[in-house]
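Hi,

Here is the structure I said I'd pass on.

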Amino acid sequence: MSTAAVKSAKRTVDILALMTSRETRMTFTEISVALDLPRSSLHGLLTTLVESGWVAYDAGSRTYGLGIRTLEAGNAYLRTDDLPSRARPFMERIRDALDETVQLSVLDGRFNVYVAKFDGQQALVLASEVGRRLPAHATGVGKVLLASLDRATLDRLFNNVKLERFTKNTPTDKAALYRRLQTIREVGYGTDEEEYTIGVRCVAVPIRDQRGQVIAAMSVSVPVIRFDEDISARALALLMTGASELSAALGYRETPNWDAQLDRSSSVRPTRASPGLSAAPTRTPGAGPVIIECGGVRRPVRGGRRPFRRR
């Protein structure tokens, strides 16, 4: 294959990757500037992508967006990937027990991609979708997935990368992020303390395959107006049980000893951590399940990005 063909193939992939990362359509100029592509080359690539259905062009707004072929490709991926279907009964059980949103995500470089989602029947539900790709450092599932990587791999992923801030709680310092990841390794779960969107908190746990490798993360996401100690405790307990059973179904025989992890933390009283920092799980006498007190200020959903929608 010629060098020109390889360059064109890479530029085509870059265009699709750029559009996948955006939530709005883009003009020709915006694409050209974002990818630093010559206008003549970009015009030919976009014409081919539009004709093949991978990119859609809107003449009215003169903007480009993802085409129907990308939806077909996404659906084909979900059909051929067994993980979402294997996870479904476990996720539905957690959803039914809590009546809250349960999501499954996998790691793609520095990002996590949602591959399954089940909503509860609440009037206010999480406005996300399967296929969405978010920066892993700003989400609960993302940090759980990053915590499974070794230091060398993390350094390669984040070398010369500026961690984007989405809220005041988003970890933007690499050293602080690494400390968060170490805490996740120690306690066995991660949290999102309104780090990607104000008004959303979540608890997440890892899913392992037959080799013991973390291949996905499962989470429960709840609006802060409903995220009290009872929900946090029940969500963590259900997630840990579900993750253990799903991992076993995938062939992982040495299931995580969650009870031992929790018992080691039983002497620690709940504390209000600094925004963006997770606190260790604790037991409250007579309360039964593990109680986690997560950091961050509790406030109702307001303005800006709407993380939840009403049914």
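Setting aside neighbours within four places in sequence, Ala34 is in contact with Leu18, Arg22 and Met26 (contact means heavy atoms within 4.5 Å). Ala34 sits in helix α2, residues 28-35; helices here are DSSP runs of H or I with at least four residues, strands are runs of E with at least two, and both are numbered from the N terminus. Ala34 counts as partly exposed because its relative accessibility is 42% (buried is under 20%, exposed over 50%, partly exposed in between, with a 1.4 Å probe and protein chains only).

A quick word on the source: this is a predicted model, where local features need pLDDT of at least 70 and side-chain atom pairs count only at pLDDT 80 or more, while totals for chains, interfaces and linings use all residues. Numbering starts from 1 along each chain as its sequence is written, and side-chain values use heavy atoms, leaving out hydrogens and water.

Now the sheet. It is open, with 6 strands in the order β7-β5-β4-β10-β9-β8 and antiparallel pairing (two strands pair if DSSP finds at least two bridges between them). β7 (133-135) and β8 (190-193) are at the edges with a single partner strand each, so one side of each has no neighbour in the sheet. Strands β9 (residues 200-208) and β10 (residues 214-223) run antiparallel and are joined by 9 bridges. Val203 has Val220 in β10 as its bridge partner.

Cheers
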